[in-house]
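Q: Please take a close look at one part of this model and describe it in a connected account.
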Amino acid sequence: MQKSFRRKILNGFLVMVFLCAFTAILAFITTRNTQKVFFNTMRDNVSSLKAAEELELALLSQRGFLSSYFLDGNPIWLKKLEEKKANFEDWLKKASIVALTPAEKDIIKDINLLYKRYESERYRAKQLYDSGNLRGAKNILLKGMWEVFEALYQKCEDYIRINESIIRESEISLQRKVIGMMILITVPALVIVGLVGSMFFLLTRRILSAVEDIAITTRNINLKSLSGRVGTTDLEQEMAYLAQSINTMLERLENSFEYIKEFSSSIGHELKTPLAIIKGQSEIALRKERQAEDYRKALSVNIEEANRMIRIVEDLVFLAKLDYNPDNIKKEVFDFIPFFADIEKRAQTLVAQKQINLTASIPETAVTLEGNKLHLSRLFFNLIQNAIKFTPSGGRIDLTAHPEGDILKVSVSDTGQGISAEDLPRVFQRFFHKEKSQPESSDGIGLGLSIAKSIAKFHNGDIGVKSAPGEGSTFTVILPIYHS
Amino acid sequence: MKRILIIDDERRIGQSYTVLLTEEGFEVKHASSAQEATNFLIREHFDLVLLDIKMPGVDGKVMYEVIREFDRHMKVIVSSVYPIEEQVQSILGASAYHNKSQGVDILVDKIKEVLSGGDSKERE
């Protein structure tokens, strides 16, 4: 899978979200459980406490009802006592249910026993009272029942104490649980912070080291060494894209500098050669006394070589103007058909000298272009002269022009020797010579096709070439058709 | 009479050097392409070759190797418009190097030196 900072950040984010969600769920469940356990314990213990207190009250009120009955003999007190008794039995049952510890259970058992004794004492007192022994009844009420009541009261107090201590214990355990929960939340939170921190640290370091790499490479690039390239292996997608863009730029720069280097070397060679000829001719002429004819010959050679230099310089200036200052070249809108017919007419006079057959296929309807007619005719003559140069006597040159949609295609085909696959990409290079010029001829300094291409580009068009050795060449010019 | 072969695609250089060296008492032939030069080397004997570097098609560097194939001891003077340091970088081991811009007197001196001394190699 391709490496990417975006993917790394996303993965880090997902891990973080997962850890956060995990911690939150854990904390939530723990809190709820703790809460439930605590509330249950509290509820049980509090109700036990309440039960014990009510037990005490019930015991007391039973005695109260009985003594009231002894006072006025009204059976309503006994009825109320029975009601209370039922309630008391209920509470006792509840207390034995909520009793959890053995100590509580023992107390409840004791209370049960004591209560039975209390009841039997009460029963005995009532019987004595009913049989008229008021004294005996009161005696039981104040002594026997009292003793049992005291004992029961004590048991209830014990029961309350136990429950209170249970509540205290559960408070402590809750506190412990809260601390545990805090640890449970804090530790993953710290882990998350650590993970996120180190992730961003590593990510930043990775980005910075890649950037530093690029910076070092680009700092070491200068005119003398343009061959350095930024490493693109083992890089994240985004960095790889940046590195590749920089490498493409360096590639283009290197090519441009290579081209300029070669071009300057070519200019040097092309200008020094006529100078060397002029100097050599003059030196040789002056080495000894010669005939006037010899001097004339030397001087006319010098003039021709000077003209050659002038032509090179003019062409270079023209190319520089096309390349760097094309705004000053005027354009006009014109019909291409009569313009091209005129070129054909002039080309006929050129081919006639070499016995080459020139044909032209020109459309009849008007084709409007916007451009500089002088430069465009130079473009076509450069192509035609090039064709004449490489086509042997008896050969053929075809000129064709036809509109295709928004563009006009103009071809110059010849039956010449053709261009080898090796030379084909270089024919538009400046100072590319297929073969050495003859100084007498007006072309052949190696700039003709380069100028033609620059003129086509100036007109927002282009030139392409198709050729193979022995099969002739076809140069095709593409120009945009003008729409008003 | 010592025989010299001039290999130079510039016709006028060939012509003027032929006049010059003939007047200096040498027998001179001019070849303006590698093909022509090879034909001369096969058929005739030469004491020295005057070799240009930049030529269309087969250039001076390749031509130098071809000459060495014919005769390992052939005296070769490289003659070009490039500065001598650049010429030495292009073709290593020639008997001498001549910058055409320096003029013909220096060329004649170098030719005589190489032909008489046998070993007057310009060293880096």
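A: A residue is called exposed when its relative accessible area is over 50%, buried when under 20%, and partly exposed in between (1.4 Å probe, protein chains only). The model is predicted, with local features needing pLDDT of at least 70 and side-chain atom pairs pLDDT 80 or more, whereas totals for chains, interfaces and linings use all residues. Residues are numbered from 1 along each chain as written, chains are lettered from A and ligands numbered from 1 in written order, and side-chain values use heavy atoms, without hydrogens or water.

Asn460(A) is exposed, at 61%. Although not a glycine, Asn460(A) has a positive phi of about 60°. Most residues other than glycine have a negative phi. Asn460(A) belongs to the loop joining helix 9 (448-458) to strand 6 (462-467) of chain A; helices (H or I, at least four residues) and strands (E, at least two) are DSSP runs numbered from the N terminus.

A cavity is a set of points on a 1 Å grid over the protein atoms alone where a 1.4 Å probe fits but cannot get out, and lining residues have an atom within 4 Å of a point. The volume of the second largest cavity is about 40 Å³, counted as the space filled by probe spheres set on the points, which are joined across faces, edges and corners. Its lining comprises 4 nonpolar residues, 1 polar and 1 charged; nonpolar covers Ala, Val, Leu, Ile, Met, Phe, Trp, Tyr, Cys and Pro, charged covers Asp, Glu, Lys and Arg, and the others, Gly among them, are polar.

Note on methods:
1 Å grid on protein atoms, 1.4 Å probe; cavity = no way out; pocket = protein on both sides within 12 Å on 5 of 7 lines; lining within 4 Å.
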